[in-house]
Amino acid sequence: MVEEFVFVIRASTSYSIGIGGVDPASAMLAPLYTDVTLKAYRPQVLVTLPIFRLFSAKAQIGIMAHEIAHAERASRLGQGWPEKMQARYAAEERLANSIAIRWGFGKYVEAMRRNRHGSVNPMLETRGPAIVHRALEQTRRRREEFCRAHPEVAK
Ligand SMILES: [Zn+2]
């Protein structure tokens, strides 16, 4: 059932920056929109590599089991799953872990939790501001390059 539900697994090589700073998510089940009206979408697992890589190999298995468990839940919720899951975010997080544990990934889920609280979150708290600063600098440089290359659209 789950194999038929997840459409694609994609990986981002850069951090995701939001209003609150660096997004700490290592991976997520997210809708991949297939039209501009945002009405049609397919399920994707989106891995944020710079965060994912902060976890041990064992914890990474836990992360993927957790995401596939979200997909199992989403496939049961059916149409409108992104909104339904977002509305009960904390409960869905707990459920994904318990499904992954039921599948036999208990020690991997435990490694994921240990890494998250023991090293990943503390590291992101320390380095977060520098990561955000670098991302903003990169965006600024890219904009300048674009404007140099396309003086006709740059104002
Ligand atoms: Zn989750």
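Author: A residue counts as buried if 20 or more other C-beta atoms lie within 10 Å of its own, as exposed if 12 or fewer do, and as partly exposed in between, with C-beta atoms placed from the backbone. This is a predicted model, in which local features need pLDDT of at least 70 and side-chain atom pairs count only at pLDDT 80 or more, while totals for chains, interfaces and linings use all residues. Residues are numbered from 1 along each chain as its sequence is written.

Reader: Is Thr126 buried or exposed?

Author: Thr126 lies in helix α5, where helices (H or I, at least four residues) and strands (E, at least two) are DSSP runs numbered from the N terminus. Its C-alpha atom is separated by 33 Å from that of Val8, 118 residues apart along the chain. Thr126 has 9 C-beta neighbours inside 10 Å, so it counts as exposed.

Reader: What separates the C-alpha atoms of Gln44 and Val8?

Author: Two residues are in contact if their C-beta atoms, placed from the backbone, lie within 7 Å. Leaving out residues up to four places away in sequence, Gln44 touches Phe7, Val8, Ile9, Arg10, Ala30 and Leu32. Gln44 and Val8 are 36 residues apart along the chain, yet the separation of their C-alpha atoms is 4.9 Å.

Reader: How far apart in space are Pro43 and Leu95?

Author: Pro43 is also found in strand β5 and is partly exposed, with 19 other C-beta atoms within 10 Å. Beyond residues up to four places away in sequence, it touches several residues, including Phe5, Val6, Ala71 and Ala74. Pro43 and Leu95 are 52 residues apart in sequence, and from C-alpha to C-alpha the distance is 18 Å.

Reader: How are α3 and α5 oriented to each other, roughly parallel or roughly antiparallel?

Author: Axes are lines fitted to C-alpha atoms, for helices over the stretch in contact, and angles run from 0 to 180 degrees between N-to-C directions. The angle between α3 and α5 is about 170 degrees, with their axes 7 Å apart. Angles under 35 degrees count as roughly parallel, over 145 as roughly antiparallel, 65 to 115 as roughly perpendicular and the rest as oblique. The angle therefore makes α3 and α5 roughly antiparallel.

Reader: What share of the residues in the chain is buried?

Author: The chain has 5 helices and 5 strands, in the order α-β-β-β-β-β-α-α-α-α along the sequence. Its C-alpha atoms fill a box of roughly 60 × 40 × 25 Å, taken along the principal axes. Of the 155 residues in the chain, the buried share is 21%.
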